[in-house]
Amino acid sequence: MVSIIKKLFDLNDEYEITPIEKHEGGRNLVFTCKYMNQPKYVIRVSSIGDRKEKEYWAEVEFVHFLAKGGASVADVIPSVNGKLVEKIVLENREIYISCFEYAKGVLISDNGYQYIDGRPLSEYFYNTGKTLGKIHNLSKQYKAEHQRRDYFDKYNLACLCHFMLMECYSIQSQGRDA
């Protein structure tokens with residue numbers, strides 16, 4: 001996978017590509033890419049089959065629109081083929097790969113829950129609100145080229161009922177085993 005990523009995004013062999021530890025609920029493999037004083041990148045690899053290609057495109061096009069509009073977001077970096085989403089097929093599985101700028105700043109938790117040394121945390125909330133306001137304002141102007149499915153299109157009532165019935169059956173089975 002690393003060699004494919006390096007080819008797609010023209011990263012020389014000196015780039016160190018490191019997987020980020022998975023977290024609960026995570027649906028992607030995520031890698032950081034760094035090399036000396038060159039820009040850092042984040043690579044997202046999605047392969048679980050829960051989304052269609054156009055949904056990946058919808059996500060990255062929106063992020064790219066926000067970045068071009070001046071929002072403080074990590075922009076999407078096109079591949080050597082000029083694509084924001086690359087689709088590859090490995091072992092009969094469709095895999096979608098995107099590259100993003102490395103986000104600026106540090107985690108607030110890594111800085112002793114201080115926004116900037118000596119500045120009040122209230123400044124962090126103020127600036128976060130400004131950023132969200134900018135994103136909201138831009139989102140009202142956005143005309144999507146690709147559409148994501150609505151949450152209720154993906155998880156419609158029949159689907160939710162299926163999951164609820166399976167959960168009820170599981171609970172009933174556990175009760176009988178006790």
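This briefing walks through the cores, ring pairs, salt bridges and cysteines of one protein structure.

The model is predicted, so local features need pLDDT of at least 70 and side-chain atom pairs count only at pLDDT 80 or more, while totals for chains, interfaces and linings use all residues. Residues are numbered from 1 along each chain as its sequence is written, and side-chain values use heavy atoms, with hydrogens and water left out.

**Terms for location**

- Buried means under 20% relative accessible area, exposed means over 50%, and partly exposed lies in between (1.4 Å probe, protein chains only).
- Helices (H or I, at least four residues) and strands (E, at least two) are DSSP runs, numbered from the N terminus.

**Nonpolar cores**

- A nonpolar core is a set of buried Ala, Val, Leu, Ile, Met, Phe, Trp, Tyr and Cys residues joined through side-chain atoms within 4.5 Å.
- In soluble globular proteins, nonpolar side chains tend to be buried together.
- The largest nonpolar core here has 15 residues. Ile5, Phe9, Leu11, Cys33, Ile43, Val45 and Ile97 touch the most other members.
- Two or more residues of this core come from each of these elements: α1 (2-8), β2 (29-34), β3 (41-46) and β6 (93-101).
- A second, separate core has 8 residues, including Tyr56, Leu84, Val85 and Tyr96.
- Phenylalanine 9 has contacts (heavy atoms within 4.5 Å) beyond its neighbours within four places in sequence. Its partners are Ile43, Ile77, Pro78, Ser79, Val80, Ile97, Ser98 and Cys99.

**Aromatic rings**

- Rings of Phe, Tyr and Trp (its six-membered ring) pair if their centres lie within 6.5 Å. Planes under 30 degrees apart count as stacked, over 60 as edge-to-face and the rest as tilted.
- The whole structure holds 6 aromatic pairs.
- Tyrosine 15 and tyrosine 41 make a tilted pair, with 6.3 Å from centre to centre and 35° between the planes.
- This pair links distant parts of the chain, 26 residues apart. Tyrosine 15 sits in the loop between α1 and β1 (16-19), and tyrosine 41 in strand β3.
- Both partners are buried: tyrosine 15 has 8% relative accessibility, and tyrosine 41 has 17%.
- Tyrosine 124 and phenylalanine 125 have ring centres 5.2 Å apart and planes at 70°, so their pair is edge-to-face.
- Tyrosine 124 is partly exposed at 27%, whereas phenylalanine 125 is exposed at 52%.
- Tyr15, Tyr35 and Tyr41 form a cluster linked by ring pairs.
- A charge sits over a ring if NZ of Lys or CZ of Arg is within 6 Å of the ring centre and within 35 degrees of the ring normal. Lysine 40 lies over the face of tyrosine 102, at 4.6 Å from the ring centre.

**Salt bridges**

- A salt bridge is a side-chain nitrogen of Lys or Arg within 4 Å of a carboxyl oxygen of Asp or Glu. The structure has 6 of them.
- Arginine 51 bridges to glutamate 59, with the closest N and O atoms 3.0 Å apart.
- Arginine 51 is buried at 9%, and glutamate 59 is buried at 15%.
- Arg44, Arg51 and Glu59 are linked in a salt-bridge network.
- Glutamate 53 and lysine 87 meet in a salt bridge of 3.9 Å, N to O.
- That bridge joins distant parts of the chain, 34 residues apart: glutamate 53 is in helix α2 (residues 53-68), and lysine 87 is in strand β5 (residues 86-90).
- Glutamate 53 is partly exposed at 29%, and lysine 87 is partly exposed at 36%.
- Lysine 68 pairs with aspartate 75 in a salt bridge, their closest N and O atoms being 3.8 Å apart. Lysine 68 is exposed at 61%, but aspartate 75 is buried at 8%.

**Glutamate 55**

- Glutamate 55 belongs to helix α2, and it is buried at 3% relative accessibility.
- The C-alpha atoms of glutamate 55 and glutamine 147 are separated by 6.4 Å. Along the chain, these two residues are 92 residues apart.

**Cysteines**

- A disulfide is a pair of cysteine sulfur atoms within 2.5 Å. The count here is 0 disulfides.
- For cysteine 33, the nearest cysteine sulfur is that of cysteine 99, 6.1 Å away. That distance is too far for a bond.
- Cysteine 33 is buried at 1%, and cysteine 99 is buried at 2%.
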